[in-house]
Amino acid sequence: MLHDVVIIGAGPVGATLALALADADLDVVALDSRAEGTVGRGDRSLALSHGARLIFERLGVWSAVAAAPAAVTPIMAIDISQRGGFGHARLDAGEQGLPALGYVVSYRALQAALDAALARSGCEIRYDCAATRIGATPAYATIEATQGGAAFESTARLVALADGGGELADKARRSHDYGQVALVGKLTPREPHHGVAFERFTPEGPMALLPLGNRYGLVWTTTPARANALLALSDAEFLAQLADRFGSKAALRHDALSGFEHIAERQTFPLRLEYASRIVDERRVLLGNAAQALHPVAGQGFNLGLRDAYELAQELLATPREAIGARDHLAAYARRRRPDRIAGIAFTHGLLGVFGTDAPLLSWPRGLALTLLDSLPAVKHAFTRAMLFGIHQGTL
Ligand SMILES: Cc1cc2nc3c(=O)[nH]c(=O)nc-3n(C[C@H](O)[C@H](O)[C@H](O)COP(=O)(O)OP(=O)(O)OC[C@H]3O[C@@H](n4cnc5c(N)ncnc54)[C@H](O)[C@@H]3O)c2cc1C
């Protein structure tokens, strides 16, 4: 049987695509290797833009995520500074006339809400089902998969690969290793955080504190060796190192950082920029982390992946069934995504070039950039909108 679309990977991005197509008269099947009710790689805190919230509202899942205990924390302000240099900027939701600048969302809670919405929608989703190979002819794609130990093969007009960048991803993937890892953990502050996030550029690399329930999600970028040493410290020693690395309270000008009581769930993951040079191929499209995985410094990666899914759904909904997966339609989709992808990758990479370096000569321009950002309303508004909706504001 020829399906219209087979989605490989029903993580947040694949599930969003499936839901956006659920009401259409299309035969869509989603496969995921995880067991029903689980997430593949444990929980993590996703930084969602205001635009991402709008997508989830349109798909009817936002209220379910927001209702889950401590699953969504609004970011009311972002405080940006650099250690060892002047310059400071603060982006404020109130100033921009918005309910929040963005949200910190639990991956597990988001996935649970998406899974529940998919089950309600009647979209066919096969759990415990791992795709092992994708092939293509000019007329259709073939998908080899296993479920419960049994191998089977499906065909589809189009395969949407949203496997998070696993084995099935493009061989022509480009990659840049930043030579750093992100040490993440959950910090309990002494004082309430009032929804203020901190982005601090230090000579060792950027650090971020994201409000998460009544705690902070910490992202500390550093070398692998230093991260291993930090993982081995006692909680008290770790908190002392953190205070030292972040710098003084005066430099941050905020009471929320009067100190931390506790650190939990410390772990690390490598930081790389990876992207596919071509996101479409014969009867196949890549989206989400399968298309590009970005450094978390600017919180752009997941939001870009969601826009991949949403825009692909719009393209498919406007395409006659027989033309789904045809070269010209895929090429049109790739062209449409190009400015947003390039802008997201370049912005993140560029930010690291200017702010993620310890070159002393850059300290002055960095400070000037932060001062300008803080004092010029038009620049601040444009920068805030880029963080909220993506650098290239196509649809949202
Ligand atoms: C360790 C780690 C930590 C991260 N931390 C953060 C963070 O703190 N903040 C942030 O904003 N972003 C973070 N990210 C990035 C964020 O997780 C991704 O942007 C987001 O998960 C991308 O969603 P996705 O649906 O494309 O991929 P994924 O979330 O990876 O989902 C892929 C899905 O595909 C399924 N799958 C995989 N292979 C197959 C197969 N062969 N067949 C069938 N199904 C398959 C998996 O089970 C999974 O459900 C992190 C990423 C990693 C790897």
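User: What does the secondary structure come to?
Analyst: The protein has 11 helices and 19 strands. Of its 396 residues, 46% count as buried.

User: And what share of the contacts is between residues 24 or more positions apart?
Analyst: Such pairs account for 75% of the contacts with a separation of 6 or more.

User: What is the mean pLDDT?
Analyst: The mean pLDDT of the protein is 84, and 82% of the residues reach 70 or more.

User: Where does it stay under 50?
Analyst: That applies to residues 249-253, for which the model has 9 contacts beyond four places in sequence. Where pLDDT is low, the predicted coordinates should not be read in detail.

User: Turning to the ligand, which residues come nearest?
Analyst: Gly 9, Gly 11, Val 13, Gly 164 and Gly 288 come nearest, out of 33 residues around the ligand. Two or more residues of this shell are given by each of helix 1 (12-21), strand 3 (45-49), strand 9 (129-136) and helix 8 (301-317).

User: How does the shell divide by class?
Analyst: It has 15 nonpolar, 13 polar and 5 charged residues.

User: Is helix 1 enclosed or open?
Analyst: Helix 1 is largely enclosed by the rest of the structure, because 10 of its 10 residues are buried. Among them are Pro 12, Val 13, Gly 14 and Leu 21.

User: What packs against helix 4?
Analyst: The buried residues of helix 4 pack against helix 1, strand 3, helix 3 (62-67), strand 7 (102-106) and strand 8 (124-126). These buried residues include Leu 110, Gln 111, Leu 114, Asp 115 and Leu 118. Helix 4 covers residues 107-121 and reaches 21 Å from its first C-alpha to its last, close to the 21 Å expected.

User: What comes just after helix 4?
Analyst: Gly 122 follows, with a positive phi of about 85 degrees.

User: Now helix 6. Which residues are buried there?
Analyst: In helix 6, Phe 238, Leu 242 and Phe 246 are buried. Seen down the helix axis, they fall within an arc of 60 degrees, so they line one face of helix 6. In general, an α-helix has 3.6 residues a turn, so residues three or four places apart point the same way.

User: What covers that face, and what is on the other side?
Analyst: The cover over the buried residues includes strand 13 (196-202), strand 14 (205-212), helix 5 (224-232) and strand 16 (260-276). On the other side of helix 6, Ala 236, Glu 237, Ala 240 and Asp 244 are exposed.

Note on methods: Residues numbered from 1 in each chain as written. Predicted model: local features only at pLDDT ≥ 70, side-chain atom pairs only at ≥ 80, totals over all residues. Near = placed C-beta within 6 Å. Helix = DSSP H or I, 4+ residues; strand = E, 2+ residues; numbered from the N terminus. Nonpolar A, V, L, I, M, F, W, Y, C, P; charged D, E, K, R; others polar. Buried ≥ 20, exposed ≤ 12 C-beta atoms within 10 Å, placed from the backbone. Arc of directions from axis to C-beta. Contact = placed C-beta atoms within 7 Å. pLDDT = per-residue confidence, 0-100. Expected span 1.5 Å × (residues − 1).
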